[in-house]
Amino acid sequence: MLGIIFSRGGAGFPRFKKFGQIKSMLFPQFKINPITGWQISLPKVGKMPINLHRPIPEGFVVKQARVLRKADRWFVVVTIESDMSIPDAQPQVDALGIDLGLSKFLTTSDKEFIARPRFLTSLYRKLELLQRKYARTKKGSKNREKARIKVARFHNHIARVRKDWQFKLANHLCTKEGIGMVFVEDLNLKAMSRGMLRKHTLDAAFGQFLNLLEWVAKKHQIYFLRVNPDGTSQTCPSSATRIRVKKSFPNEFIDVVSADTKQIEIMQHQKSLGCVVWNSSVRKDFAE
């Protein structure tokens, strides 16, 4: 009988609301500007003191606000809107190509190599100790809640350090002299996060970096495009010569990215002899 009553309403059985389960609240609309000085006025909550990071620009209207809880702190994300239109960046002459990987975080077409920081693995030992202390506490006790907050704070610390480093790297790439276009590979990040190197792939946060890079490029009026990654490691950027690669581990390795005409002739000769040509960056990724 009880099931019939709930099925008629269309909402189903009431779910168990765990303590701390709901970590965000959305306030979808405002009639007036809710931010006044160092306070924000939320419906059915009232005025709350805030630490305003930057003022609302002139000509913008606050559309909605989302209250987030991270560890033991609360944040308010405000969405603003304006009638002004920002023109899209147009393709320019000078371009910058970026290749992401695990052996090196990225390699640019102007021969710049950026090493990959180990944000999680370098602090993994300390995280293990905090989680071990949390597992040994009694369920429902105050000590367990204190240990949980310490683990959550440490996770937020790792995420903030990673995002700050990626922001600085994106600004470094977009502020290079004469750069008008940025091209990156449109990687299948969902498939990359399921392999043997999934922990390192998720630690690198390629998806977050590409989103930040696209936002920074638009901010600097730089044309940004994600290209199909198929065959990019087999095509020479100078002569556009493409060399097929067999799906097996190679016997000899030559860097196709930096190949010139003479190297292409050598690779074609090795291919006729039955040798396999492979990109060195791919080999390093398999080695790790």
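# Reading salt bridges and strands in a predicted model

The side chains of Asp164 and Lys168 meet in a salt bridge, with 3.2 Å from N to O.

Me: How many residues apart are Asp164 and Lys168 in helix H3?

Reply: They are four residues apart in helix H3, which means that about one helical turn separates them.

Me: How many salt bridges does the structure hold?

Reply: The structure holds ten salt bridges. One of them joins Glu81 to Lys63, where the closest N and O atoms are 3.5 Å apart.

Me: Which residue forms a salt bridge with Lys176, and where do the two partners lie?

Reply: The partner of Lys176 is Glu112, and the closest N and O atoms of this salt bridge are 2.3 Å apart. Here too the pair links distant parts of the chain, 64 residues apart: Lys176 is in the loop between helix H3 (142-174) and strand S10 (181-185), while Glu112 is in the loop between strand S8 (106-108) and strand S9 (113-114). Lys176 counts as buried because its relative accessibility is 16%, under the 20% cut-off for that class. A network of salt bridges links Asp110, Glu112 and Lys176.

Me: Which residues gather in a patch of positive charge on the surface?

Reply: Lys70, Arg73, Arg160 and Lys163 gather in that patch. To take one member, Arg73 is found in strand S6, which spans residues 73-81, and Arg73 has a relative accessible area of 57%, so this residue is exposed.

Me: How should I read the pairing of strands, and in which sense do S5 and S6 run?

Reply: In general, the strands of a sheet pair through backbone hydrogen bonds, and the pairing is either parallel or antiparallel. In this structure, S5 and S6 run antiparallel and are joined by nine bridges, and within this pairing the bridge partner of Arg66 is Val77 in S6. The two strands form a hairpin with two residues between them, and Ala71 in the turn has a positive phi of about 60°. S5 also pairs in the antiparallel sense with strand S1 (residues 24-27), over four bridges, where Met25 has Val67 in S5 as its bridge partner.

Me: What is the order of the strands in the open sheet of three strands, and which of them stand at the edges?

Reply: The order is S2-S3-S4, and the pairing is antiparallel. Strand S2 (35-36) and strand S4 (46-49) stand at the edges, and each has a single partner strand, so one side of each is left without a neighbour in the sheet. S2 pairs with strand S3 (residues 39-42) in the antiparallel sense over two bridges, and Ile35 has Ile40 in S3 as its bridge partner.

Methods. Residues numbered from 1 in each chain as written. Predicted model: local features only at pLDDT ≥ 70, side-chain atom pairs only at ≥ 80, totals over all residues. Heavy atoms only, no water. Patch = residues over 30% accessible without salt bridge, like charges linked within 9 Å, V, L, I, M, F, W, Y side chains within 5 Å. Areas by Shrake-Rupley, 256 points an atom, 1.4 Å probe, with all protein chains shown as cover. Salt bridge = Lys/Arg side-chain N within 4 Å of Asp/Glu carboxyl O. Lys, Arg positive; Asp, Glu negative; His and termini not counted. Charge placed at Lys NZ, Arg CZ, Asp CG, Glu CD. Buried < 20%, exposed > 50% of the residue type's maximum accessible area, 1.4 Å probe, protein only. Pairing = 2+ DSSP bridges.
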